[in-house]
Amino acid sequence: MDNLKDIANILPEGLDESTVETIFELVDSTINEQVSEKIGLLEAKVNAYLRTKVDQLKEQALTELSEERGF
């Protein structure tokens with residue numbers, strides 16, 4: 001909340017409350033969009049990492065199965 005007070009302090013005096021609320025809504029919307037974008041990128045990276053690990057585990061399991069069966 002201190003950041004919001006800091007933002008409010010740098011706004012010019014004489015702005016009505018609806019203008020300040022609009023500014024805060026725009027800031028909030030922009031932040032939420034950026035967070036969503038970063039989360040999406042992070043989810044994609046995690047999914048790719050997990051897919052790689054699953055593929056590695058499958059390969060290892062097949063190797064061990066082949067060794068057990070003597071192939």
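Ground rule for patches first: I take residues with over 30% relative accessible area and no salt bridge, joining like charges within 9 Å and nonpolar side chains (Val, Leu, Ile, Met, Phe, Trp, Tyr) within 5 Å. A salt bridge here is a side-chain nitrogen of Lys or Arg within 4 Å of a carboxyl oxygen of Asp or Glu. Accessible areas are Shrake-Rupley with a 1.4 Å probe, and for residues only the protein chains shown count as cover.

About the source: this is a predicted model, where local features need pLDDT of at least 70, side-chain atom pairs count only at pLDDT 80 or more, and totals for chains, interfaces and linings use all residues. Residues are numbered from 1 along each chain as its sequence is written, and side-chain values use heavy atoms, with hydrogens and water left out.

**Entry: overall form.** I looked up the secondary structure and got 2 helices and 0 strands (DSSP runs numbered from the N terminus, H or I of at least four residues for helices, E of at least two for strands). The radius of gyration is 26 Å, well over the 11 Å of the globule rule for 71 residues, so the chain is more spread out than a compact globule. That radius is taken over C-alpha atoms, and the rule is 2.2 Å times the number of residues to the power 0.38. I boxed the C-alpha atoms along the principal axes and got roughly 85 × 20 × 10 Å.

**Entry: surface.** How much of the chain counts as buried? I get 1% of the 71 residues, with buried meaning under 20% relative accessible area, exposed over 50%, and partly exposed in between (1.4 Å probe, protein chains only). The accessible surface is about 6600 Å², and 57% of that belongs to carbon and sulfur atoms.

**Entry: helix 2.** This one covers residues 17-69. Its 53 residues should span 78 Å at 1.5 Å a residue, and I find the end C-alpha atoms 76 Å apart, which agrees; the expected span uses 1.5 Å times one less than the number of residues. Just after helix 2, Gly70 has a positive phi of about 80°.

**Entry: the patch.** Which residues make up the nonpolar patch? I noted Val27, Ile31, Val35 and Ile39, together showing about 300 Å² of accessible area. An α-helix has 3.6 residues a turn, so residues three or four places apart point the same way. Val27 is partly exposed at 32%, and Val35 is also partly exposed, at 42%.

**Entry: the salt bridge.** I count 1 in the structure: the side chains of Arg51 and Asp55 meet at 3.5 Å, N to O. Both lie in helix 2, 4 residues apart, about one turn. Arg51 is partly exposed at 46%, and Asp55 is partly exposed at 33%.

**Entry: two distances.** Val27 and Asp55, 28 residues apart along the chain, have C-alpha atoms separated by 42 Å. For Thr30 and Lys5, 25 residues apart, I noted 18 Å between C-alpha atoms.
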